[in-house]
Amino acid sequence: MTDTVVVIYSGGMDSYTLLHLARNRGYRVHALSFNYGQRHVRELECARSVCEAHDIPHKVIDIRAMSEVMAGSALTSELEVPEGHYQEDSMKATVVPNRNMILLSLATGYAVTVGARAVWYGAHGGDHAIYPDCRPEFVARMDAVCRVANYEPVGIEAPFMAMDKGRILAEGLRLGLDYAQTWTCYNGRERACGRCGSCVERLEAFAANGVPDPIEYEDNC
């Protein structure tokens, strides 16, 4: 194994920061994105653009055929996307069943293929209450399994596990990153809605850091 990592890169602000953090630490990065039928598929356009600009190897894997076994989420169906601040009851509607276990499993296979020592993904402290596959115990168990699943051990790492979105953004600003190159809104419209839980959390992160969000919002947030 080498100092290579596979970064699961959605095109959102957390994984965008993670991608550049890995590069800043001197790792050779392979970016891996997934089209699982998310309505905010626009984020993949951001991912492609960033990787092309920085000459980062990037693969987009289409797993929409798996939609029948990953159904029931507002992110992949016609269910209404909840608005307002993250609350456990309402935001459960945005859980895609077993998403991260599936994505991490595929990413681990890719890591073995390209000789990477680990898979990084952007689970963070603000996700714990809502998303079971972003909790520390999930990461620890996936790490243990992926280290013995192949002849070559692959670690599962979530460097932002102890950080909220405000701290993640602060790290990215320290690195001089341009967040106009990211997409966060759960609605895949021309401009971000400013009302879904993902937008609200993003806007709070920018407010906490005292800087304006560079993307456009429908309601001039």
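Is His30 buried or exposed? With a relative accessible area of 9%, His30 is buried; buried means under 20% relative accessible area, exposed means over 50%, and partly exposed lies in between (1.4 Å probe, protein chains only).

## Basis of the report

This is a predicted model, in which local features need pLDDT of at least 70 and side-chain atom pairs count only at pLDDT 80 or more, while totals for chains, interfaces and linings use all residues. Residues are numbered from 1 along each chain as its sequence is written, and side-chain values use heavy atoms, with hydrogens and water left out.

## The sheet

Five strands form an open sheet in the order S3-S2-S1-S4-S5, with parallel pairing. Strand S3 (58-62) and strand S5 (155-157) stand at the edges with a single partner strand each, so one side of each has no neighbour in the sheet. Neighbouring strands of this sheet are turned by 25° against each other on average, direction ignored. Strands here are DSSP runs of E with at least two residues, helices are runs of H or I with at least four, and both are numbered from the N terminus. Two strands pair if DSSP finds at least two bridges between them.

S1 and strand S4 (residues 118-120) run parallel and are joined by three bridges. Val6 stands opposite Val119 in S4. Helix H1 lies across S1, S2 and S4, and runs at about 170° to S1. Such angles run from 0 to 180 degrees between N-to-C directions, and the axes are lines fitted to C-alpha atoms, for helices over the stretch in contact.

## His30 in strand S2

His30 is placed in strand S2 (residues 28-35). The residues that His30 touches include Val5, Val7, Pro57 and Tyr110, leaving aside residues up to four places away in sequence. Contact means heavy atoms within 4.5 Å. The side chain of His30 also makes a polar contact with the side chain of Tyr110, at 3.3 Å. A polar contact is a pair of N or O atoms within 3.5 Å; within protein, one must be able to donate a hydrogen and the other to accept it, and residues adjacent in sequence count only if both atoms are side-chain atoms.

## The annotated binding site

An unreviewed UniProt entry carries the annotation "binding site", which covers residues including Ser10, Asp14 and Thr17. UniProt positions are given in the numbering used here, feature names are shortened, and annotations may be inferred rather than shown by experiment.

Ser10 is in the loop between strand S1 (4-8) and helix H1 (13-24). Ser10 is partly exposed, at 29% relative accessible area, and its side chain reaches the backbone nitrogen of Gly12 at 3.0 Å. Thr17 is in helix H1 and counts as buried at 0% relative accessibility. Among the residues that Thr17 touches are Phe160, Ile168 and Tyr179, leaving aside residues up to four places away in sequence.

## Salt bridges

The whole structure has nine salt bridges. A salt bridge is a side-chain nitrogen of Lys or Arg within 4 Å of a carboxyl oxygen of Asp or Glu. One of them joins the side chains of Asp14 and Lys165 (2.7 Å, N to O). Asp14 lies in helix H1 and Lys165 in helix H6 (residues 165-174), so this pair ties together parts that are 151 residues apart in sequence. Both Asp14 and Lys165 are buried.

Another salt bridge joins the side chains of Glu171 and Arg174 (2.5 Å, N to O). Glu171 and Arg174 are three residues apart in helix H6, which means they are separated by about one helical turn. Glu171 is buried at 19% relative accessibility, whereas Arg174 is exposed at 54%.
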